[in-house]
Amino acid sequence: MADAEIDYAAVFQGLPGMVALLTPDLVYADVNEEYLRMSGRTREQVVDRFLFDVFPDNPNDPAATGMRNLETSLRRVLSTGERDAMALQRYDVESTACPGEWEQRYWSPVNAPVLGPDGEVVLLVHRVEEVTELIRARVGAGGGRTRVLEAELYTRARELQELNDRLRSAHAREREVALALQDAMLPTRRQRARHKIAVRYRPAVGSLNVCGDWYDVVDLVGGNRIGVSVGDVVGHGLAAAGVMGQLRSALSATSRVAAGPAEALDVLGRYANVVDGAESATAVTTFVDFDRLTITYSSAGHPPPALVHPDGRVEFLDRATDPPLDARPDPMRRPQATTGFSRGSTLVLYTDGLVERRREDIDTGLARLADSLLRHLDTDPEALADAVLLELLPHGGATDDTALIIVRL
């Protein structure tokens, strides 16, 4: 049956569970028949009214938290754009037949976003399952025991809700710290003013928005030269971000005094051997000489940078690849190679989240990257970075983090 033949309004009204649609201002946009039946309200009493004017907390219960918990969940969905399943809630409802009398009710709510074309939340789906009778039925006719079980379940649900709130607060604090570390990786304003540089970071689906991927741009001693690097530390969260920060800082400092990228990675590899959490970390660094029009590079187990020439040729810098940073107990001298470039070329460094896919050869991902770079050959670095991420990252979100840095040479 074609979509045009389906009466979705009728489908919504016929849903067997209680479902309401709320605006971002928490005003009822619509409710289905089951929602009205179970709540004992008419459509006129609900639609176009503020949620908590229709269902306030029980004023006779000073410990009531249902309204606050529900609002917190809905605001969370609005800010994150992600579904939120709440713990069991006690949320008393005022009787419509006897105003001033409140009925003790238990609910299991789930709140989900409806996204508009721009990715913003335009509606909230509020689905509710009433479980009051179910709780009571679990213990049969034992009245006193029923009340004890209700109280126990409610207490445990509130404890779970409070624990979830504490965990979310802790994750939020961790995210703030981790994002500060991520922000510190941006090239300085002076470097961005001198060179056309675009940087991007995309976290994996479900991560805390920062992990172990990093990038760096440093001014090198002697001549018109810069060092451009990316790296990847295994893991997520603050632990990986801390290791990332150590390795990035070490490579940044070493690059300024090293004779070349191979020597810089030699020193970094020795350092990685004594850093907990640096196991299997990878990195690639390039020394760009704008006077000689050369790029000297070395890789420690990392995907090869791409050099896009003005004539449309994509060259992957893969002639100086060695194992990851801590692969050898006694590090050996790493290889390096040099290639030339013309004015207007584009250097692209990235982490494996951009090109690697499960059950797919890495060459397929590299070919996909080359095709994308060629399609946007004449665009500026900022637009190019956005286009590459849009075309290469899965629309549902990547399963690995991605760092990307683009330099117009």
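Reader: What makes S13 and S17 count as paired strands?
Author: Happy to walk through this predicted model. Strand S13 (residues 294-300) runs antiparallel to S17, and four bridges join the two. Pairing asks for at least two bridges between strands, so these two qualify.

Reader: Which residue of S17 is the bridge partner of threonine 296?
Author: That partner is threonine 338. Within S17 (residues 337-340), Thr338 lies on the uncovered face together with Gly340, while Ala337 and Thr339 make up the covered face.

Reader: Why is alanine 387 called buried?
Author: Its relative accessibility is 13%. Buried means under 20%, so alanine 387 belongs in that class.

Reader: Where does alanine 387 sit, and what does it touch beyond residues up to four places away in sequence?
Author: Alanine 387 is part of helix H12, which covers residues 381-392. Leaving out those sequence neighbours, alanine 387 touches Ser372 and His376. From alanine 387 to serine 372 there are 15 residues in sequence, and their C-alpha atoms are 7.8 Å apart in space.

Reader: And how do you know whether tyrosine 8 is buried, partly exposed or exposed?
Author: Good one to check! Tyrosine 8 has a relative accessible area of 49%. Buried is under 20% and exposed is over 50%, so tyrosine 8 falls in between and is called partly exposed.

Note on methods:
Residues are numbered from 1 along each chain as its sequence is written. This is a predicted model: local features need pLDDT of at least 70, side-chain atom pairs count only at pLDDT 80 or more; totals for chains, interfaces and linings use all residues. Side-chain values use heavy atoms; hydrogens and water are left out. Buried means under 20% relative accessible area, exposed over 50%, partly exposed in between (1.4 Å probe, protein chains only). Contact means heavy atoms within 4.5 Å.
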